[in-house]
Amino acid sequence: MKEDNLTPMNDKEYLIHDKPWKALLLFSLPMMLGNLFQQLYTMTDSVIVGRFVGEAALASVGASYSLTSVFIAVAIGGGVGSSVLVSRAFGARRYDDLKVAVSTSLVSFLVLSVLLSIFGYLAAPEIMTALNTPADILSDAVAYLRIYFLGLPFLFMYNILSSTFNALGKSKMPLFFLIFSSILNVVLDLLFVAVFNLGIMGAAWATLIAQGVSACLSFAVLLKNLTAFEGHVSSLLDLTVLRKMVTLAIPSILQQSTVSIGMMLVQSVVNSFGSEVLAGYSAGMRIENIATVAMVSIGNAMSSYTAQNLGAEKAWRVREGYRVSYLMNIFFALVVCLILELFPARLIGMFVGADGTEIAYQTGVDYLSFMGWFFAIIGFKMATDGVLRGGGDVKVFTLSNLVNLGVRVIFSFLLADTVGVAIVWYIVPVGWALNWIISFIGYRKGIWNR
């Protein structure tokens, strides 16, 4: 075992000094719980709307879900990209640089989110029409999407703040806020939808309010935590830091949003099969997102773990951590497979309810029963991409994720008429596998370490 070349300052540096398996476990478990609550947070609207309003309303929420996932991915990807700079500065104990990186990321992404919010609100009808949203749910889908866009700055702020907490080794902090906001969202959903009968509009406002409260509280806590570090902010928006951040953030956004962009593009394929199929597919997507929580968390943990250890000049720890991440992914993939194969109908029933059509049920069950066998592949992909992202090897994982996206979109459009809507999920593991293979070749080349 190699010797550390930095003396531990405190327990905040456990990613650099603890055994790799312990460091990754300590860091990723709170992230898993946090991501789980994030998915439950976004899933609440679908469950409550499907139960209390109906299948058509569930389809309305689902029609815009693929698009909203893209913006969530942009926020998460931007946060991961900026957190690489924060992690490196933290690992090297350059606290002036750390504070400038934090302020630059917050200011730049706040401006971006406001611009996207204005554009999305105005263009919502055209966007949903372009996605071939069924006519019987188009107006409700547009109304839901517009309220979502109003809350986009809160969404961006919260995810940037969460990534900053993770980069500082405080992965429990986002979890606390997610638990709070999830509970608040559920309470407001039940109040607005079940009590006041506001339908999907009530669900949209509940999400916006919960996100806003959580983002503001997160910002206040981060400011307090930053005072514990020496140094000062020389500039709220440093253009040199911004350029570095953009270099890392753009491929990170592409990596994080590849699946979401693919989902949005193939959404038009699913929409063409009608609102009943769309309702079942929407339910299946929500379950899939929960099923991948562990894999996504391990991948993001590998990003911060890699960045901090490279900043501390401990590349050997990255390789050990990478091997550990595979074992963790195999374990969680087996658990997910067991649950999805044993209880697919019950899981879909949470969304569709007793009044759901047979088409909606069968679509969701077919989706989950097939996907359950392949989650180890996305785990390996996420872990490998995490190392490349943390090491700044942006070209390889950008290429691999674009290949993943291209395969899913092209085959969904080409084979939908022949195979049916099932091609949308049949092609997913193929894209994941190609993504993993290309990224692994990049990992073996070792550019991330140079």
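Biologist: Which helix gives the most to the lining of the largest pocket?

Modeller: That is helix 12, which gives six residues to the lining of the largest pocket, though please keep in mind that this is a predicted model. Helix 2 (20–52), helix 10 (275–291), helix 11 (293–311), helix 12 (315–342) and helix 13 (344–352) each supply at least two residues of that lining.

Biologist: And how much space lies in there?

Modeller: About 380 Å³ lies in the largest pocket, and of the 18 residues that line it, L36, I290, A291, V336 and I339 are the closest to its centre.

Biologist: OK, what about the second largest pocket, which residues line that?

Modeller: The second largest pocket holds about 210 Å³ of space, and its lining consists of L85, R88, A89, R94, D97, V100, A101, D238, T240, V241 and K244. Helix 3 (55–91), helix 4 (95–130) and helix 9 (239–271) are the elements that give two or more residues to this lining. By class, the lining of the second largest pocket has five nonpolar, one polar and five charged residues.

Biologist: Switching to packing now, at what angle do helix 7 and helix 8 pack?

Modeller: Helix 7 (residues 172–195) and helix 8 (residues 199–226) pack at an angle of about 155°, and their axes are 8 Å apart. An angle over 145 degrees counts as roughly antiparallel, so helix 7 is roughly antiparallel to helix 8. Helix 7 passes helix 8 in a right-handed crossing, and by class their contact has 15 nonpolar, eight polar and one charged residues.

Biologist: And helix 3 with helix 5, are those roughly parallel or roughly antiparallel?

Modeller: The axes of helix 3 and helix 5 (residues 138–150) are 8 Å apart and the two helices pack at an angle of about 30°. Helix 3 and helix 5 are therefore roughly parallel to each other, and helix 3 passes helix 5 in a right-handed crossing.

Biologist: Last topic, then: how many aromatic pairs does a search of the whole structure find?

Modeller: The search finds 16 aromatic pairs. One of them is formed by Y322 and Y326, which are 4.9 Å apart centre to centre with 65° between the planes, making the pair edge-to-face.

Biologist: Where do Y322 and Y326 sit along helix 12?

Modeller: Y322 and Y326 are four residues apart in helix 12, so about one helical turn separates them.

Note on methods:
Residues numbered from 1 in each chain as written. Predicted model: local features only at pLDDT ≥ 70, side-chain atom pairs only at ≥ 80, totals over all residues. Heavy atoms only, no water. 1 Å grid on protein atoms, 1.4 Å probe; cavity = no way out; pocket = protein on both sides within 12 Å on 5 of 7 lines; lining within 4 Å. Points joined across faces, edges and corners; volume = space filled by probe spheres on them. Nonpolar A, V, L, I, M, F, W, Y, C, P; charged D, E, K, R; others polar. Axes fitted to C-alpha atoms, helices over the stretch in contact; angles between N-to-C directions. Parallel < 35°, antiparallel > 145°, perpendicular 65-115°, else oblique. Left-handed = near helix turned anticlockwise from the far one by under 90°. Phe/Tyr/Trp six-rings, centres within 6.5 Å; stacked < 30°, edge-to-face > 60°.
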